[in-house]
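Thanks, everyone, for making time this morning.

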Amino acid sequence: MSIDAIQAALKTIKYPGFSRDIVSFGIVRNVLFEEGKATVALAITSSDSTIPEQIKTAVEEKLQSLAEVTTLEITLEAQEHKQPLKASKDKDALPSTLGGIKHIIAVASGKGGVGKSTTSVNLACALDQLLSAQGKENAVGILDCDIYGPSIPLMLGVNQRPYVENDLIIPLENFGIRTMSMGFLIDEDAPVVWRGPMIMKTLQQFATQVKWGELEVLIIDLPPGTGDTQLSLVQTFPLEAALIVTTPQTAAVNVARRGAMMFGKVDVPIMGVIENMSGIIDPVTREKESIFGEGGGLRTAQDLQTELLGQIPLDSHIRIGSDRGIPIVLSNPDAPATEEFLKIAQAVLEKCKSPTPVE
Ligand code: ADP
């Protein structure tokens with residue numbers, strides 16, 4: 001009998017009320033198995049105080065039913081689920097590392113491949129340009145939480161690893177943008193199924209151990225979907241609002257809506273929708289050909305009762321810029337996509353001054 005077999009048994013236990021198992025929920029922190037003795041460490045954060053005991057009992061029953069397990073030791077670390085912090089109201093409750101950040105905004109999408117990371121990076125560069133013009137230099141950061149494809153450092157041309165000073169991680173910086181990425185902490189070869197459990201711990205580390213310093217805006221690039229990462233994130237960071245990235249196909253509306261729904265549940269307002277891959281613009285006539293259809297962004301915005309902040313065209317320079325580590329906003333200042341990113345950044349800054357009230 002191996003640790004893997006015990007993990008497999010634990011994977012059959014569902015989190016109460018959910019279809020997901022406790023291993024992929026990140027609750028099983030450690031498993032050991034030696035000479036018939038199984039040791040399992042559980043860490044559970046829940047607002048329902050009965051959940052930790054329910055899970056512990058389920059684990060006991062499951063492992064006791066395995067003939068090879070003769071002794072069982074379960075340790076349980078239970079924490080009460082914290083409500084999301086609101087930056088403006090609970091400044092004092094924030095970890096000191098986040099105290100210098102004025103606005104924290106998540107960039108999310110319902111599914112992968114819609115250009116969420118590309119949008120995060122270019123939006124950060126556009127925000128930096130606008131803020132620099134106001135005399136606020138080096139005032140934008142990006143936290144890359146996309147565990148499944150942490151691509152922000154590459155897109156920003158950052159290829160070193162961050163260093164630690166007095167127990168704090170110093171974010172890396174390029175083009176005046178500070179960045180920290182899950183990719184720096186997660187072993188690239190780690191199978192994706194193992195990354196989920198790591199995320200809560202890593203998010204905590206990002207919130208309390210990264211020396212962000214003074215920032216006007218911190219953009220958080222979320223993994224696609226509606227899963228636990230988003231929930232852990234809103235429990236850890238005082239999110240002011242979320243931006244939703246979608247594509248123009250009308251079929252994308254449902255996917256984007258599902259991606260956005262979680263924010264409603266935790267009272268984080270949607271600041272707006274950004275439509276990406278929104279047709280190709282003829283370089284001479286500047287006319288647009290809508291090869292992926294039309295209306296997805298607008299419909300999504302209407303559906304979420306928010307605004308369509310901009311439509312980024314398909315442009316090979318965007319992809320080339322991402323691969324080279326020079327975002328299009330910096331490499332091609334006159335491109336229609338750059339204009340659009342600047343327009344979106346302007347809207348974001350205006351909305352930061354007066355965030356949409358939560359209904
Ligand atoms: P996501 O973060 O949603 O998974 P990415 O930002 O990694 O998506 O984008 C996926 C791929 O599409 C990347 O290769 C990126 O360079 C490319 N891409 C994204 N937006 C555009 C665009 N508007 N025009 C051309 N290529 C784009």
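Predicted model: local features only at pLDDT ≥ 70, side-chain atom pairs only at ≥ 80, totals over all residues.

Let me begin with a contact between two helices, in which Thr118, Thr119, Asn122, Leu123, Ala126, Leu127, Gln129, Leu130 and Leu131 of α3 meet Phe341, Leu342, Ile344, Ala345, Gln346, Val348 and Leu349 of α12. Sorted by class, that contact of α3 with α12 holds 11 nonpolar residues and five polar ones, with no charged residues. As for the geometry, α3 covers residues 116-133 and α12 covers residues 336-353, and the two pack with their axes 8 Å apart at an angle of about 70°. The angle range for roughly perpendicular runs from 65 to 115 degrees, and α3 and α12 are therefore roughly perpendicular to each other. Their crossing is right-handed.

Which residues come nearest to the ligand? Of the 16 residues around it, they are Gly113, Lys116, Ser117, Thr118 and Asn276. For Lys116, it is a backbone N or O atom that lies 2.8 Å from a ligand oxygen atom, and for Gly115 a backbone N or O atom lies 2.9 Å from an oxygen atom of the ligand.

The next pair is α8, residues 252-265, and α9, residues 296-303, whose axes come within 9 Å and cross at roughly 40°. That makes α8 and α9 oblique to each other, and α8 passes α9 in a right-handed crossing. On the α8 side the contact is made by Val253, Ala256 and Arg257, and on the α9 side by Gly296, Arg299, Thr300 and Asp303. By class, this contact of α8 with α9 comprises two nonpolar, two polar and three charged residues.

Finally, we come to α1, residues 3-10, and α2, residues 51-64, with axes that come within 10 Å and cross at roughly 130°. Are they parallel or oblique to each other? An angle has to be over 145 degrees to count as roughly antiparallel, and α1 and α2 are therefore oblique to each other. The crossing of α1 and α2 is right-handed. Here Ile6, Ala9 and Leu10 of α1 meet Val59, Lys62 and Leu63 of α2, and the residues of this contact divide into five nonpolar, no polar and one charged.

Terms used
Residues numbered from 1 in each chain as written. Heavy atoms only, no water. Axes fitted to C-alpha atoms, helices over the stretch in contact; angles between N-to-C directions. Helix = DSSP H or I, 4+ residues; strand = E, 2+ residues; numbered from the N terminus. Parallel < 35°, antiparallel > 145°, perpendicular 65-115°, else oblique. Left-handed = near helix turned anticlockwise from the far one by under 90°. Contact = heavy atoms within 4.5 Å. Nonpolar A, V, L, I, M, F, W, Y, C, P; charged D, E, K, R; others polar. Near = heavy atom within 4 Å. Polar contact = N/O pair within 3.5 Å; in protein donor to acceptor, adjacent residues only side chain to side chain.
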